[in-house]
2 protein chains.
Amino acid sequence: MITRKEKPLTPNLRAIRRLAREISQANVSRLILVHGGGSYGHPLARQYRIMDGYKDPSQIMGFSKTHQAMVALNRLVVDALIHHDVPAVAVQPSSCILMKSGRIHVMEERPLRRLLEMGFVPVLYGDAVIDSDAGFSILSGDQLVSYLALRLDADHIVMGIDVDGLYTADPKTDSSARLIPHVTLEGLKRMQHKIEEAKVVDVTGGMLGKVLELIPAVERGIPTIIVNAAKPGNVYMTLKGERVVGTMIEKGETFA
Amino acid sequence: MITRKEKPLTPNLRAIRRLAREISQANVSRLILVHGGGSYGHPLARQYRIMDGYKDPSQIMGFSKTHQAMVALNRLVVDALIHHDVPAVAVQPSSCILMKSGRIHVMEERPLRRLLEMGFVPVLYGDAVIDSDAGFSILSGDQLVSYLALRLDADHIVMGIDVDGLYTADPKTDSSARLIPHVTLEGLKRMQHKIEEAKVVDVTGGMLGKVLELIPAVERGIPTIIVNAAKPGNVYMTLKGERVVGTMIEKGETFA
């Protein structure tokens, strides 16, 4: 959404600036932002198979390039936020996180906590990160959001994507896809089960995979809202606590 | 040196590219690079008095801007290194370091260690960093070099500056200034004493102040060479172990 998906290393500056303005106007206290890789990180990560871990020396330059592409995208995001008077501070996941078998193993989070306390808006991102088992790995923005929400005891998670929320099928290719306005933890797990049992690909177009990363945060009782960040005003309204079209994920009643 | 000192936020791209090429050609294993702020970090840090710590809310945006300026400069350095096939990886000091009263208090250094072991060239820099006493502070590249050399047990420190080394006076303003080709720890401490006793400004044009940061590393026995990085070939030759005009700092004999 903040990049042109079809063009490598091409930002969607209009979207970046609009979202920066919406975030500025919402003026939320204690906000952490996490963005993905879009056409910056993903094509390079794929080309050099960074997510497979370290296999051969040709990947070394690939790791450097993947990380550097993310730094470049992050810079555009933080610049736009600062331009709109948001005290944004880039926090580099690869500098403070060590992964293990593709999962966050340790994170030095004290600088991040302090930044939040002082009123800064830390901006993190999906990144190429050192992995003590695999050599290196890709840390998705989704995994990072879930981890940070748990560690820092978040009140809410807002996930901005380029469709209206979680659908019964991929809305980009299947016209019968219906938006799921509300789902409980149980509901999510049932969907996960169905996919695993049937050994089929994620029919939701990858969205369920993203959402499943958030299960630990939902289990903790942190309400999560998925909204279409491509629609102007949605992020602003959601940050202000107003309801917009989207998918609400809540722990739900245990007897439900 | 890698920026135009007289022009804020203006890089010296020719110097950055030449140094990247020299570093690439020297092909040193287990190399960490640290660069300063030049006309990127310094003017903003000064404007918002970041080095004085947090005093009033108007500094908050200043911290964001100072840090972001350093990210921008670092990006140019790392891009140039990658362009010359150096597997450079930006490591953000503010993401993994917490200072206390202006000194490094804690640093998550595991990602950095792993990067080194795998053959990457981590690139750090002077940065605006959170300080548990002062709110925030400025971490100089010099303090960072000394700290990393001790923690990671460096073999050598090479300090590239824009004059030939440590002089008896400021070579830029005093034509009687003589280059000091060799100095021991004792010699350095004598110079420090003289300055402190006389309560005068650093007659060496600030260079002694930079060098004094390195005392802990010199005490540990890590030889340090100061060379003129503005002269093409100097950094390459020094990295290759060849002697060039400069100042050599060694622990020296205790009876010296």
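User: A crossing is left-handed if the near helix is turned anticlockwise from the far one by less than a right angle, and right-handed if clockwise. Is the crossing of α1(A) and α3(A) left-handed or right-handed?

Analyst: This is a predicted model: local features need pLDDT of at least 70, side-chain atom pairs count only at pLDDT 80 or more, and totals for chains, interfaces and linings use all residues. Residues are numbered from 1 along each chain as its sequence is written, chains are lettered from A and ligands numbered from 1 in the order in which they are written, and side-chain values use heavy atoms, without hydrogens and water. Helices (H or I, at least four residues) and strands (E, at least two) are DSSP runs, numbered from the N terminus. The crossing of α1(A) and α3(A) is right-handed.

User: How is α1(A) oriented to α3(A)?

Analyst: Axes are lines fitted to C-alpha atoms, for helices over the stretch in contact, and angles run from 0 to 180 degrees between N-to-C directions. Helix α1 (residues 13-26) of chain A packs on α3(A) at about 45 degrees, the axes 8 Å apart. Angles under 35 degrees count as roughly parallel, over 145 as roughly antiparallel, 65 to 115 as roughly perpendicular and the rest as oblique. Therefore α1(A) is, relative to α3(A), oblique.

User: How many residues of the contact of α1(A) with α3(A) are nonpolar?

Analyst: Contact means heavy atoms within 4.5 Å. Leu13(A), Ile16(A), Arg17(A), Ala20(A) and Ile23(A) of α1(A) meet Leu73(A), Leu76(A), Val77(A), Ala80(A) and Leu81(A) of α3(A). Ala, Val, Leu, Ile, Met, Phe, Trp, Tyr, Cys and Pro count as nonpolar, Asp, Glu, Lys and Arg as charged, and the others, Gly among them, as polar. One residue is charged, none is polar, and the number of nonpolar residues is nine.

User: Is α3(A) roughly antiparallel or roughly parallel to α3(B)?

Analyst: Helix α3 (residues 58-83) of chain A packs on helix α3 (residues 58-83) of chain B with axes 10 Å apart and an angle of about 150 degrees. Therefore the orientation of α3(A) to α3(B) is roughly antiparallel.

User: How many charged residues has the contact of α3(A) with α3(B)?

Analyst: The crossing of α3(A) and α3(B) is left-handed. Their contact has 10 nonpolar and four polar residues, and the charged ones number six.

User: What is the area buried between chain A and chain B?

Analyst: Buried area is the accessible area (1.4 Å probe) that two parts lose on being put together, summed over both. The contact takes 40 residues from chain A and 39 residues from chain B. Carbon and sulfur atoms give 70% of the buried area, which is about 3,500 Å².

User: How many salt bridges does the rule find across the interface of chain A and chain B?

Analyst: A salt bridge is a side-chain nitrogen of Lys or Arg within 4 Å of a carboxyl oxygen of Asp or Glu. Over all chains, a search of the whole structure finds 28. Across the interface of chain A and chain B, the count is zero.

User: Which residue forms a salt bridge with Arg103(A)?

Analyst: The closest N and O atoms are 3.0 Å apart, and the partner of Arg103(A) is Glu213(A). Arg103(A) lies in strand β4 (residues 103-107) of chain A, and 110 residues away, in the loop between α8 (207-212) and α9 (215-219), is Glu213(A).
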